[in-house]
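These are my notebook entries on one structure.

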4 protein chains.
Amino acid sequence: MAQVLVVYATDYGNTEKMANAVAEGINSVEGMNALVKKAEEATSEDLLASEGVIIGSPVHMASMDWRVKKFIDTVCSGLWMQDKMIGKVGGVFTSGGGFGGAGGGTEIAMLSILNNIAELGLLMVPLPKNTENYKKGGLQWGPYGRSADENMEHVGVTNAALSVAKKHGANVARAAALVSGQEIFIA
Amino acid sequence: MAQVLVVYATDYGNTEKMANAVAEGINSVEGMNALVKKAEEATSEDLLASEGVIIGSPVHMASMDWRVKKFIDTVCSGLWMQDKMIGKVGGVFTSGGGFGGAGGGTEIAMLSILNNIAELGLLMVPLPKNTENYKKGGLQWGPYGRSADENMEHVGVTNAALSVAKKHGANVARAAALVSGQEIFIA
Amino acid sequence: MAQVLVVYATDYGNTEKMANAVAEGINSVEGMNALVKKAEEATSEDLLASEGVIIGSPVHMASMDWRVKKFIDTVCSGLWMQDKMIGKVGGVFTSGGGFGGAGGGTEIAMLSILNNIAELGLLMVPLPKNTENYKKGGLQWGPYGRSADENMEHVGVTNAALSVAKKHGANVARAAALVSGQEIFIA
Amino acid sequence: MAQVLVVYATDYGNTEKMANAVAEGINSVEGMNALVKKAEEATSEDLLASEGVIIGSPVHMASMDWRVKKFIDTVCSGLWMQDKMIGKVGGVFTSGGGFGGAGGGTEIAMLSILNNIAELGLLMVPLPKNTENYKKGGLQWGPYGRSADENMEHVGVTNAALSVAKKHGANVARAAALVSGQEIFIA
């Protein structure tokens, strides 16, 4: 069994629902299992023990939650410095109210997480357009679970968005299984 | 009378509708008038004669239309090199199908245009959350007119989005009127 | 006297040096004074009492320091929700080791801060190319103080970068003085 | 033999040098060969016949060259619409004068290209920090060849940057070889 780590922060439970859907997707791939951790609790050991890493965050002020950033600054950065994660696989997802009707800043939120994924030297898994429910599911960078309607009423992430998150988790797990033990990057 | 230039490209007329709404907003401000030009037709002289510049684009493959980029590379860049536009005012807007439900890449599209606005040394005008119809109108960077519904059926930009574009045009025009002739940037 | 708030986080003192240079620039503008606060200490009251806000951060893993993000999530976001800062003026700056020779991710770091500036509804002040020492000073989004040389030896931010930070502070202060009490944004 | 396509635009030959170095890296991987095309000449057939795609551009006004964008808008977008490229591998690189000392906008330039790579559904290959000459070679998103010195004198891309481009090409080729014929994405 190989492991994919899912790290997230959550305020009202929406990003947590997305994280659990991502994990369900990982676990649906033969030979792969998900380890789900809140950003405050995930450790270097969790990262080192995983073939893939998926990081999710609420969109706050058009970028990632500060707790996710603290995890990146205080846990991921040490492994970056030591080149310990190169050649693994990574992905991102977000959740947010979506005020404005265009994702509420989810793209820079995703990219500021993906920055960390790239710095660690992970192969980055996108979200293809033909994914079932993509129409309501996000961006090319990963799934986005909208948690509010147009009037900013909190309605929670939809099943459509959760299904996209599950697909994304499975895609990342398959990519992680494929590259595990292979040498892609030669320094 | 002081002028604000609106430059855009359009495929099916949606970004053009947005451009016209922006222009309507500019013209609604006393003492200000809009000059609306397609990207292929806008010139250095148009830029030099304007106190503000608003650039709009369809979102294609999650960034700006190539015709807008050609305008930036071949017309704006010369004025950048000569420091001719510093201290004026700028803004951006986009239109797109919105596939994925989170703006379809409009944020990087807007930012890759805003990059040019910043390089030219223009004060950048955001889109405040309290703008009427903001809920359906875009992002903090500017108005976004979604032209398709969830099933990618082309329904055209909504009146709500057009009203946001008009407000944005007026905001940029007021900012341009305010800073015209003032010295903000000292090299 | 009108106030511009400078908020920053620092690890080894480089971003702090940049913050102090920005403040020096603000104070050089007649009628304007700087209030300099660490991200952990800046309050809503500080923001409300200021005509302009400049936020600076070390570049960590290619985005802003988590303490700056915590300030944005826990202090700025409340004022965003209440539309309390619309029409003021904002700017950004960063400092970092610059590993890789291309800013080490400072652009997304700057943009993830600028996202917050835009969400708050602040006019955004760029860094024009003709600014003295721009060649060694950063990006169109704002000053960048490189703190290490090519071998990642910590040499500290240069006087050239500090001089750019000072110019930027003065530019933001002049813009803040100009728009103070004016009505640019009509909702 | 499997093919990796290298698409680029160039003004003064610097991005072309980078493209050729990337191609050299691809050709150094057993069983892989590079097809190098200018953006104006690359076709849908070239894309369909390749297991990987690497796109490079000069940095103009802090985003990609308009000719590269035209290739994306008019050639790539059709394959995106038809989901024809999903599961292949992609990478990016840039070249630029680097005015400002922090990459001159290469990050958004790279990301606006990478947007297209992600939309096509390609696994994205980063540039790990431990790559030889990384210190002078770019960003986590890919190689950056600086073509000018601090005084904007045109000195051409360095051998160090070219060596990073070569490593990147080889990394992408190995990733393409690994995923060729494998099923990562299930819609």
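Entry 1: I began with A:Phe99, which counts as buried at 13% relative accessibility. I note for the record that the model is a predicted one. The search of the whole structure returned ten aromatic pairs over all chains. In one of them, A:Phe99 and B:Tyr134 form a tilted pair, with 5.4 Å centre to centre and 50° between the planes. I traced this pair across two chains: A:Phe99 lies in the loop between strand E5 (89-96) and helix H4 (106-119) of chain A, and B:Tyr134 in the loop between strand E6 (123-124) and strand E7 (138-139) of chain B. B:Tyr134 also counts as buried, at 4% relative accessibility.

I found both B:Trp80 and D:Phe99 to be buried.

**Entry 2: charges over rings.** I found A:Lys129 over the face of D:Trp80, at 5.3 Å from the ring centre. I also logged C:Lys70, whose charged end sits over the ring of A:Trp66 at 4.5 Å from its centre.

**Entry 3: nonpolar core.** Which residues have the most contacts inside the largest nonpolar core? They are A:Phe71, B:Phe71, C:Phe71 and D:Phe71, in a core of 156 residues. For D:Phe71 I listed the contacts, leaving aside neighbours within four places in sequence: D:Val7, D:Ala39, D:Ala42, D:Leu47, D:Ile55 and D:Cys76. As background, nonpolar side chains in soluble globular proteins tend to be buried together.

**Entry 4: cysteines.** D:Cys76 is buried, with a relative accessible area of 0%. C:Cys76 is buried as well, at 1%. I counted zero disulfides over all chains.

**Entry 5: symmetry.** I superposed chain D on chain A by a rotation of 180° with 0.0 Å of shift along the axis, at an RMSD of 0.0 Å. The two copies are therefore related as by a two-fold rotation axis. The same surface serves both copies, since 100% of the contact residues of chain D recur in chain A. Within chain D, the residue that comes closest to the rotation axis is D:Met124, at 2.4 Å (C-alpha).

Conventions:
Residues numbered from 1 in each chain as written. Chains lettered and ligands numbered in written order. Predicted model: local features only at pLDDT ≥ 70, side-chain atom pairs only at ≥ 80, totals over all residues. Heavy atoms only, no water. Disulfide = S-S within 2.5 Å. Buried < 20%, exposed > 50% of the residue type's maximum accessible area, 1.4 Å probe, protein only. Least-squares fit on C-alpha atoms with pLDDT ≥ 70 in both. Contact = heavy atoms within 4.5 Å. Core = buried A, V, L, I, M, F, W, Y, C linked by side-chain atoms within 4.5 Å. Phe/Tyr/Trp six-rings, centres within 6.5 Å; stacked < 30°, edge-to-face > 60°. Helix = DSSP H or I, 4+ residues; strand = E, 2+ residues; numbered from the N terminus. Lys NZ or Arg CZ within 6 Å of the ring centre and 35° of its normal.
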